[in-house]
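Please open the model in your viewer and keep the selection panel at hand.

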Amino acid sequence: MKEVVKITGILTSTCIICAFLLSFVSGIAIEKIEMNKQKRVEDAITNLAPYAKKIEEVKLNNEIIYNLFNNKNKIVGYAFVAEGQGYQGKIKILSVIDVSLKKLEGIEIVESVETPGLGAKIKGALFKNKFKNLNISKTIECLKDDPTKDNQIKSITGATVSSRAVTNILNKKIDIIVNLVNKK
Amino acid sequence: MREFIKGLWREHPVFRQLLGMCPTLAVTTSALNGISMGLSVVFVLFFSSLVVSLIKNLVPTQVRIAVYTVIIATFVTIVDIFLQAVFPDISMALGPFIPLIIVNCIILGRCEAFVSKHSLSASLKDALGMGIGFTWGLFLLGSIRELFGEGTILGFKILSSNYNPLIVMILPAGAFIVLGFLVAIMNSLEK
């Protein structure tokens, strides 16, 4: 009996001490981590749409949309974050579409845990640039060969699943966003 | 001094003991990833050895593995939070492999096989030696794979742009091939 109490006591106190230590460290870092995330989104937007002088966050039906204004305070585009399942985990993509809702200005991968060296290439400029000026009035298609139409992209060799995941996540979200903005 | 040196070569954790194969094979797609993973392991190994060495006489043998694992997990989580806050890019590149250090057998192995039987100072030297040995192993493996797979080392162009990258070196198969050669070289050097 004494043995059981001792073992339980040691295990419990170890866990309590570790939990305190972790909450202390996380308390210091949480602000910085949130700032990094926020900054990543803002950097990504200004990167994709350098003409956006003002970014305004609005919520429509639980979807967060960033309205992008030019220096004359006119809406020139919309940005939004799309999220979905990739090959290994969640992929979070920021994309900017133009004000006519027909053209993708570009995408940025904000978060992903794809295989380093393979799926992780979705973060590379080579892949992301393929989405510049893509026609989104039709569904985006992901091909293994070179694209022939303006709504198609070529997938990364050896990372077809990750490439498809990106286009699927985008297609789903673009649909929702376009409908919401049109209704507004 | 002997305790420190042995991890660097004679009892090298990767090439001699073949421990910690999961991160060794998985994250060494580039030299930078290798170094970052290696240094994270140095930190976790050093502090886990320190704490385990200090409390080893208090912990009943039946639950020692559980206690060690909680301690290791705590330090790994600290590394994870630190990287997310200060080096978000590296944190994104290494992804799930940082939390996976918890089950890296080098760390639990050293705590169980060495720290629990030796003094504090010997344990710390052993931890540093093993950690740095692990780091140079991952750096070498990452450099070779990055060189042949992308033509660069640490992002610097080494091979001319005419060089046609061997994609296989970045793929998991490349990790096994390079590791096999390195272990073979190590073995023949030791003979």
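Select helix α4 (residues 64-86) of chain B together with helix α6 (residues 105-113) of chain B, whose axes come within 11 Å and cross at roughly 135 degrees; axes here are lines fitted to C-alpha atoms, for helices over the stretch in contact, with angles running from 0 to 180 degrees between N-to-C directions. That angle makes α4(B) oblique to α6(B), since angles under 35 degrees count as roughly parallel, over 145 as roughly antiparallel, 65 to 115 as roughly perpendicular and the rest as oblique. This is a predicted model, in which local features need pLDDT of at least 70 and side-chain atom pairs count only at pLDDT 80 or more, while totals for chains, interfaces and linings use all residues. Residues are numbered from 1 along each chain as its sequence is written, and chains are lettered from A and ligands numbered from 1 in the order in which they are written.

Now show B:Y68, B:T69 and B:I72 in α4(B), which meet B:I107, B:L108, B:C111 and B:E112 in α6(B); two residues are in contact if their C-beta atoms, placed from the backbone, lie within 7 Å.

**Stop two: the other partner to select**

From α3(B), select B:V41, B:V44, B:L45, B:S48, B:S49 and B:V52, which meet B:I106, B:I107, B:R110 and B:C111 in α6(B).

**Stop three: all of chain B**

Zoom out to chain B, whose secondary structure comes to 8 helices and 2 strands, arranged from the N terminus as α-α-α-α-α-α-α-β-β-α; helices (H or I, at least four residues) and strands (E, at least two) are DSSP runs, numbered from the N terminus. Along its principal axes, the C-alpha trace of chain B spans about 60 × 45 × 25 Å. Among contacts in chain B between residues at least 6 apart in sequence, 74% join residues at least 24 apart.

**Stop four: the contact between chains**

Finally, display both chains: how many residues does the contact take from chain A and from chain B? It takes 20 residues from chain A and 27 residues from chain B. On the side of chain A that touches chain B, the residues divide into 13 nonpolar, 5 polar and 2 charged, where Ala, Val, Leu, Ile, Met, Phe, Trp, Tyr, Cys and Pro count as nonpolar, Asp, Glu, Lys and Arg as charged, and the others, Gly among them, as polar.
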